[in-house]
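Subject: Handing over the structure

Dear colleague,

Please look through the sequence and the structure before reading on.

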Amino acid sequence: MDSEEEENLFERYDLDPGATPAAITERMRALVADADDEAARARLRADWEALTLHPQRRWGWALDATPEVRAPLGTPPPRRRVARDPLSLTLGDLLPRPSVARAIGEGDDGAADGLETLPPLADDPILREES
């Protein structure tokens, strides 16, 4: 394997791996304009030719330059969210949580919040049996 193939040109010149030959040419022109000597310009030209005139090499370097987005080996897979069947809900699933019950005034006398509370149903005159 030759040394030119060992170094990734996308990484060397900070090129986008998905860049088109036109975008690569534009970036390399800017680098040539900033080059100090003729040897550096010659190397840039050779690298530009490798990137634009040899699609197989360009795609190989582009695939090698793409960052790894998968989790490292040994990492457990993400937990799947389980869709619940609405018919399998229990009464406990439907009851408001304590924080919600406090927010709507259930579960305490409401005096601390300044809320007016209703009398218990046992004291309701309509529901009381007349003796």
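With which residue does Glu7 form a salt bridge, and how far apart are the closest N and O atoms? The partner is Arg43, and the closest N and O atoms of the pair are 3.8 Å apart, a salt bridge being a side-chain nitrogen of Lys or Arg within 4 Å of a carboxyl oxygen of Asp or Glu. This pair links distant parts of the chain, since Glu7 sits in the loop between α1 (3-6) and α2 while Arg43 belongs to helix α4, 36 residues apart.

Before the rest, some remarks on reading the model. Residues are numbered from 1 along each chain as its sequence is written, and side-chain values use heavy atoms, with hydrogens and water left out. This is a predicted model, in which local features need pLDDT of at least 70 and side-chain atom pairs count only at pLDDT 80 or more, whereas totals for chains, interfaces and linings use all residues.

The chain has 7 helices and 0 strands, where helices (H or I, at least four residues) and strands (E, at least two) are DSSP runs numbered from the N terminus. Of its 131 residues, 17% are buried, which is to say under 20% relative accessible area, with exposed meaning over 50% and partly exposed in between (1.4 Å probe, protein chains only).

To return to the salt bridges, the structure holds 5 of them. Glu7 is partly exposed at 34% relative accessibility, and Arg43 is likewise partly exposed, at 45%. Asp47 forms a salt bridge with Arg12, and here the closest N and O atoms are 2.4 Å apart. This pair too links distant parts of the chain, with Asp47 in helix α4 and Arg12 in helix α2, 35 residues apart. Asp47 is buried because its relative accessibility is 4%, whereas Arg12, at 23%, is partly exposed. A further salt bridge joins Arg41 to Glu38, with 3.6 Å between the closest N and O atoms; the two are 3 residues apart in helix α4, so about one helical turn separates them. Salt bridges that share partners join Glu7, Arg12, Arg43 and Asp47 into one network.

Next, the helix packing. Helix α3 (residues 21-34) and α4 pack at an angle of about 175°, with their axes 10 Å apart, where axes are lines fitted to C-alpha atoms, for helices over the stretch in contact, and angles run from 0 to 180 degrees between N-to-C directions. α3 is therefore roughly antiparallel to α4, given that angles under 35 degrees count as roughly parallel, over 145 as roughly antiparallel, 65 to 115 as roughly perpendicular and the rest as oblique. Thr25 is buried, with a relative accessible area of 17%, and touches Trp48 and Thr52, not counting residues up to four places away in sequence. Helix α4 (residues 38-52) also packs with α5, at an angle of about 90° and with the axes 6 Å apart, so these two helices are roughly perpendicular to each other. There, Ala50, Leu51 and Thr52 in α4 meet Arg57, Arg58 and Trp61 in α5.

Asp14 lies in the loop between α2 (9-12) and α3, and is exposed, with a relative accessible area of 64%.

With kind regards

Key. Contact = heavy atoms within 4.5 Å.
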